[in-house]
Structures are given as C-alpha cells and as structure tokens.
Amino acid sequence: FAPAGIVGEIKSVEMHHELMKQAGPGDNVGINVKDVASRDLRRGYVASDNDNSPASGVSSFEAQVIVMNHPGQISNGYCPVIDCH
C-alpha cells in the first residue's frame, strides 16, 4: 500500500458481498489482505502490485468531473476547485 510501503497478500476481492476474480479502475470493492490489519491502513492509501506495477506519483492526470448539488449557477468560465488525495 502506497505511500506507507505496507506489504500484504490479497486473499479475496468482493463487490456487494460477492467474490470477484479481479477489480478494475473505478470499481468500488472490498479486499481481504493477509498479514495487514485494517487499523494500519488510512484513507488515501493505494493498493497495487508491488512486484510488477507498484503505485507511484504522477506529474499530471486527466479526470472526468461531475458537479453534484452545486449551491449556485454554473456558467461559461466556471473554474472548480478539486481536492485529490
């Protein structure tokens, strides 16, 4: 788990309490990890394959942003502020 460097083995992946063979980008899943306690993990940690494709930082990225429940009117030139963790 980046950035903490915690290493464990994934025992299972679940989506809505159903076992999954794998998860992909954007999937909201739960994972059971061998030798890692949930109290050792924090919001924002990233799970990745430490041997073949470890998580790393990037200098830029593209995102699709959906604005929900905006208190005012959105018009041309609107510039949202986004927090990324």
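Reader: What supplies the largest share of the lining of the largest pocket?

Author: In this predicted model, where local features need pLDDT of at least 70 and side-chain atom pairs pLDDT 80 or more, while totals for chains, interfaces and linings use all residues, that share comes from β3 with three residues. Residues are numbered from 1 along each chain as its sequence is written, and side-chain values use heavy atoms, with hydrogens and water left out. Lining residues have an atom within 4 Å of a pocket point, the pocket being an open set on a 1 Å grid over the protein atoms alone, with protein on both sides within 12 Å along at least five of seven lines. The space in it is about 650 Å³.

Reader: What makes β1 and β2 a pair?

Author: Three bridges join β1 to β2, residues 18-20, in the antiparallel sense, and V13 is bridged to M20 in β2. The two strands form a hairpin with two residues between them, and H16 in the turn has a positive phi of about 55°.

Reader: Why is H17 called exposed?

Author: Exposed means over 50% relative accessible area, buried under 20%, and partly exposed in between (1.4 Å probe, protein chains only). H17 stands at 78%, and therefore counts as exposed. H17 lies in the loop between β1 and β2 and has a positive phi of about 65° although it is not a glycine.

Reader: What about N69, is this residue buried or exposed?

Author: N69 has 77% relative accessibility, and therefore counts as exposed. N69 is found in the segment after β3, and its phi is near 55°, a positive value in a residue other than glycine.

Reader: Why is V67 called partly exposed?

Author: The relative accessible area of V67 is 39%, which is why V67 is called partly exposed. V67 lies in the segment after β3.

Conventions: Helices (H or I, at least four residues) and strands (E, at least two) are DSSP runs, numbered from the N terminus. Two strands pair if DSSP finds at least two bridges between them. On a 1 Å grid over the protein atoms alone, a cavity is a set of points where a 1.4 Å probe fits but cannot get out, and a pocket is an open set with protein on both sides within 12 Å along at least five of seven lines; lining residues have an atom within 4 Å of a point. Grid points are joined across faces, edges and corners, and a volume is the space filled by probe spheres set on the points.
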